[in-house]
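Hello,

Here is the structure I promised to pass on. My notes follow below it.

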Amino acid sequence: MKQFISIIFLLVYSATFTHAQMGGFQPKPTVGTGKLEGLIVDSLTKEPVAFASVVLREALEHKEVDGVLTDDKGNFRFKELKNARYELVINFIGYKTKIIGPFKINKDIQEHNLGSVLLFEEIKQLEGVTITGQKDIIENKIDRLVYNTERDVTSRGGTAEDVLRRTPMLTVDLEGNVSLRGSNNIRMLINGKPSSLMANSIKDAVKMIPADVIQKVEVITQPGAKYDAEGTAGIINIVTKTKKITGKSGSYQISGGTRSSFAGANLSFRQGNIGYTANLGGFMWRGFSKSENNRFNIINAEKLIIDQTGTAHNIGGGLYLQSGVDYDISDHHNINFGLRVPVNLFSNTNRITTYSGIDPNPVDYDFRREGDILSRTLGTDINAEYKRTYGKDSEKEFSFSAQYSINNNLTNYDIEQYNEVSALSYAERGPNSSYNKETTLAADYLHPLSKNINLELGAKGIFRNVTSDIYYDTLSFATDSYLRDERRNNYLNYNQNVAAGYGQITFPIYKKLTGRVGLRFEETFIKANIQNEPSFSNIYDTWVPSGLISYNFKNNWNAKGSYSRRIQRPSMSYLNPYVNYNDPTNISYGNPNLSPELTESMEIQGGYSKNMNNVNVVLYHRITSDLIDNYRFVDSNGITNSTYNNLSSSYSSGASINGGIFKLGKIIVNSSINLFYQKIKSERFKDVKNDAFNYTINGFAMYYLSSNWSVTLFTLYNSPRLTTQGKQGTWYVYSLGARKEILKKKGAFSFGIDNPFETWMPINSEFNSSEFSFTSKNLFEARGIRVGFEYRFGQMDFGQQQTKKKKGFQNDDLKQDENNSGGGTGR
């Protein structure tokens, strides 16, 4: 520990000292005194146009200076303007974009009151629904793809699961498991930071985040050196609707449906140098499924047949609270504090009937098992950040951040087993309490060495502790009471600390050719104590190089090539030795002796982007050694065991094509295709070898019926997913949605329906080895209907402060399991 703390101190001190040597603190510059204001009205009705976008630009270079939305009475105002010539760009859905100016601010003219500014509705070919000035639904940036979910009405009233399912390159199956280009090795962030919300299970956590609080989703497939080295497939960053504003604004939303419901509100307030934001909501979701499993185990050259039928009913819900405060000490010094508190309840009721025997005609009745699971989770993220910037035209920036996260989970289950005459033959109960704690300290510094050369330096320390306490009580028929089964008790105390430092430089190579190279160093310290097992510890170093080359052609074409090395440490769900006995013929548990996996990733990308039209093609190749994957085997008692091992290596090559957005009059279309070949093989296990082609296709379309009405369509088709010993089946989703703006566009009604022509969605899976064969047929409730209402109020003046870059933590360094469990830790 002393060695670890010394490394962290040295790295953080070095980054802070470099910042001081390269710039230090500078005096606050003066601001202007000019003012520019007016009123936006409809040219025909002369009614005010609320929430229209007004962008202030320098008249000569057309460089954006500031931007606001009109208030509910159509008013806008810019103040503290320096002496210059300005112009205004005004737009709103259903109206022609209007550019007016120039307006001169100098020592003689300090104010301009424009009075009423008329916006004209576009009628010809419904061009009035132009969305010029708004963000594209899909944006391709130099190192990430951005899905602006605010533009998609099909996910309104849903959860983050619905949003991620619509994001190009991502796949979310019907159980909520998230993958990127076919890999579950991702790291999920919220607002660029890890969250205890993702601590135990990503697939459960995405059901806890309402879609209505999400602004956008960022998918980063080739992270640079400033990101933690983990997440071999990439990073997914969910950005919520928390914005810096002047004045006050807010909204409330309510939605109800057959599978999910939500009610919540958000409020933002800023006066002077201090601002507050808050989101509060309650949510509920439910799901029902049926299953049929057929397998045979080979024991001493004899085949044992096991057939099972079952049902499961899941209900989840809870509260979501997020708040923040930021204070501008001066123009270039800012501090902010944030709090996020997710509370979640999850209930599962399942029934499994088991038939087993040697003779398949028919297989004898064995037992019926009924189980009830109740899980309660309370998480808290507390973060603070100091940020130093260096002028409007300078990208130089220094930040120091701290975050403390905890996640407390208690899961209780009760199982009762009945024989063929429905008499109780066995019962047990077993709580599993887990407590995850993480502290993170980081310093980041960006220094422009010249106009086109940026140097980035940083250091980080992560302190993690995870505990899991498990015991089992079994029913004694002699005493009619539950007795502790001491043989199955287990206690795990796992500590993982990471010290990291990085350097990265972005520079021009030749004219329109730009390069970025970086190097990151991480040292990992592990110590674990397991009840009735020898304690173990480990220390290992990881060097993580990365590089990117980008070239901008004429006519809006660009090309990029990149390389990165990534490491994937196992998270708590992989390590936890807790044995799930819900099905005594098919048990599962973690492996505390897992090693990290290492991935080499290469990409070549070409793209075109102009106005609202873009296309992006990516060719990629990944090589992963010491692959962490699920492995099944049959023990001497004939029980199928499911656990995790560093079994093999994985090779994946593919192409990803994102097409759109194509604006065809009043229609917007976007689609993506991901096709890849995956091969898994092992030098140690002869039966671990598999290869297959996989693909995912999704599409999105929006149709503007008028300036107040819009409808959308979303489709997704996913091919079978490869595992080391088999594959998981094909599935698909399609959704329809509609939205009606009301109350002068301050309110809206929305409607959405998933899989309107499907009652059940089948997913079939199969796994095979020399010891067993397992096939599974699952039916998931497919159809879902929801309606929602939202209302916005207040004035939202988004100033220059909003252009500041978002910093903070990105603890993207823990491998998620097939259920995307994260063990309560982050980057």
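**Charges over rings**

Arginine 632 sits over the face of phenylalanine 767, at 4.1 Å from the ring centre. Keep in mind that this is a predicted model.

**Aromatic pairs**

Next, rings against rings. The count of aromatic pairs comes to 17. One of them joins tyrosine 413 and tyrosine 472. That pair is edge-to-face, with 6.4 Å centre to centre and 70° between the planes. Tyrosine 413 lies in strand 21 (residues 397–418). Tyrosine 472 lies in the loop between strand 24 (454–470) and strand 25 (473–476). The pair therefore ties together parts that are 59 residues apart in sequence. Are these two tyrosines buried or exposed? Tyrosine 413 has 5% relative accessibility, so it counts as buried. Tyrosine 472 is at 1% and counts as buried too.

Now take tyrosine 695 and tyrosine 717. Their ring centres are 6.0 Å apart and their planes are at 15°, so the pair is stacked. Tyrosine 695 belongs to strand 36 (residues 689–704), and tyrosine 717 to strand 37 (residues 709–718). This pair ties together parts that are 22 residues apart in sequence. Tyrosine 695 is partly exposed, with a relative accessible area of 33%. Tyrosine 717 is also partly exposed, at 33% relative accessibility. Both rings belong to a cluster: ring pairs link Tyr695, Tyr717, Tyr732, Tyr734 and Phe757.

Three strands form an open sheet, in the order 4-1-7, with mixed pairing. Which strands stand at the edges? They are strand 4 (75–81) and strand 7 (111–119). Each has a single partner strand, so one side of each is left without a neighbour in the sheet. From one strand to the next, the twist averages 15°.

Strand 1 (residues 34–42) and strand 7 run parallel, joined by seven bridges. Leucine 39 has serine 116, in strand 7, as its bridge partner.

**Histidine 112**

Histidine 112 is also in strand 7. Its relative accessible area is 19%, so it counts as buried. The cut-off for buried is under 20%. What lies 2.8 Å from a polar atom of the histidine 112 side chain? It is the backbone oxygen of lysine 104. Leaving out residues up to four places away in sequence, histidine 112 touches Lys35, Leu36, Glu37, Phe103, Lys104 and Ile105.

**A cis peptide bond**

Most residues other than glycine have a negative phi, and most peptide bonds are trans. The bond from glycine 101 to proline 102 is cis, with omega near 5°. Proline 102 is in strand 6 (residues 98–105).

**Positive phi values**

- Serine 422 is not a glycine, yet it has a positive phi of about 65°. It is placed in the loop between strand 21 and strand 22 (424–429). Serine 422 is partly exposed, with a relative accessible area of 45%.
- Lysine 511 has a phi near 50°, which is positive in a residue other than glycine. It lies in the loop between strand 27 (490–510) and strand 28 (513–530). Lysine 511 is exposed, at 70% relative accessible area.
- Asparagine 555 takes a positive phi near 60° in the hairpin of strand 29 and strand 30.

**The hairpin of strands 29 and 30**

This hairpin has four residues between its strands. Strand 29 (residues 536–552) and strand 30 (residues 557–570) pair in the antiparallel sense, over seven bridges. Glycine 547 stands opposite tyrosine 563 in strand 30.

**Where to look**

- the stacked pair of tyrosine 695 and tyrosine 717;
- histidine 112, with the backbone oxygen of lysine 104 at 2.8 Å from a polar atom of its side chain;
- the cis bond from glycine 101 to proline 102.

Best wishes

Conventions: Residues numbered from 1 in each chain as written. Predicted model: local features only at pLDDT ≥ 70, side-chain atom pairs only at ≥ 80, totals over all residues. Heavy atoms only, no water. Pairing = 2+ DSSP bridges. Helix = DSSP H or I, 4+ residues; strand = E, 2+ residues; numbered from the N terminus. Axes fitted to C-alpha atoms, helices over the stretch in contact; angles between N-to-C directions. Buried < 20%, exposed > 50% of the residue type's maximum accessible area, 1.4 Å probe, protein only. Polar contact = N/O pair within 3.5 Å; in protein donor to acceptor, adjacent residues only side chain to side chain. Contact = heavy atoms within 4.5 Å. Phe/Tyr/Trp six-rings, centres within 6.5 Å; stacked < 30°, edge-to-face > 60°. Lys NZ or Arg CZ within 6 Å of the ring centre and 35° of its normal.
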